[in-house]
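Open the model in your viewer and keep the selection tool at hand. The tour goes stop by stop, with something to select at each one.

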Amino acid sequence: MKHQKLRIAIGVLTSFIALTAIGGGIAMLVGAEGDRFPLEWLQNTPFKDYFIPALLLTIAVGGSSLLASVTAFAGHKLSAISAMMAGLIMVGFIVVEVSILKQDPPGPTAIEFMYFGLGLMIFGLAASLWMAECRNERDSVA
């Protein structure tokens, strides 16, 4: 299968994000992260508690990364597009988090930098895969 190394890299990175986002989101939803995320950080934000951010983390970030991981490992033709979307969702989530959360000490934190970088890396790898696949399709038609 062509581009196998790119697919594996995308699959591993998106699997990591899916596991941590879904796990972290569920932990927030059940209150396991209560001491780690004080409500004061949400002052002057649209959120009164962490329920909606936890749902977004679980469903949007975790779900999109899970879809990207499954499609990458399966070699599905939509794997590059789903991974690009997952990378952008991860980056967007971090940008919004850093922009509105009133963390103490102020962010961005090392973890936020790491996930922002992972989102960019996934997007870049997926864009490379997509361009290579488009080139192969174009060449095979000609």
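Select Gly87, which sits in helix α3. The model is a predicted one, so read each stop as a description of a prediction. Is Gly87 buried or exposed? Its relative accessibility is 1%, and because buried means under 20%, Gly87 counts as buried.

Gly119 lies 32 residues from Gly87 along the chain, yet their C-alpha atoms are 4.1 Å apart. Leaving out residues up to four places away in sequence, Gly87 touches Gly119, Ile122 and Phe123.

## The whole chain

Which elements does the chain contain? There are four helices and zero strands, and from the N terminus the order is α-α-α-α. Along the principal axes, the C-alpha atoms fill a box of roughly 60 × 25 × 25 Å. The chain has 142 residues, and 35% of them are buried. Look also at how the chain meets itself: of the contacts between residues at least 6 apart in sequence, 76% join residues at least 24 apart.

## The nonpolar core

Next, select Ile17 and Val61. The largest nonpolar core has 27 residues, and these two touch the most other members. Which of them gives the largest share? That is α3, with seven residues.

Stay on Ile17 and show its neighbours. Not counting residues up to four places away in sequence, Ile17 touches Ile22, Val61, Ser65, Met90, Tyr115, Leu118 and Ile122. As a general point, nonpolar side chains in soluble globular proteins tend to be buried together.

## Where two helices pack

Finally, select α2 and α3 and hide the rest. Two packed helices are described by the angle and the distance between their axes. The axes of α2 and α3 come within 8 Å and cross at roughly 155°. An angle over 145 degrees counts as roughly antiparallel, and therefore α2 and α3 are roughly antiparallel to each other. Their crossing is left-handed.

Show the side chains at this contact. On α2 they include Pro53, Leu56, Val61 and Ser65; on α3 they include Ser79, Ala86, Met90 and Phe93. How many of the contact residues are nonpolar, polar and charged? The contact of α2 with α3 has 13 nonpolar residues, five polar and no charged.

Notes: Residues numbered from 1 in each chain as written. Predicted model: local features only at pLDDT ≥ 70, side-chain atom pairs only at ≥ 80, totals over all residues. Heavy atoms only, no water. Core = buried A, V, L, I, M, F, W, Y, C linked by side-chain atoms within 4.5 Å. Buried < 20%, exposed > 50% of the residue type's maximum accessible area, 1.4 Å probe, protein only. Helix = DSSP H or I, 4+ residues; strand = E, 2+ residues; numbered from the N terminus. Contact = heavy atoms within 4.5 Å. Axes fitted to C-alpha atoms, helices over the stretch in contact; angles between N-to-C directions. Parallel < 35°, antiparallel > 145°, perpendicular 65-115°, else oblique. Left-handed = near helix turned anticlockwise from the far one by under 90°. Nonpolar A, V, L, I, M, F, W, Y, C, P; charged D, E, K, R; others polar.
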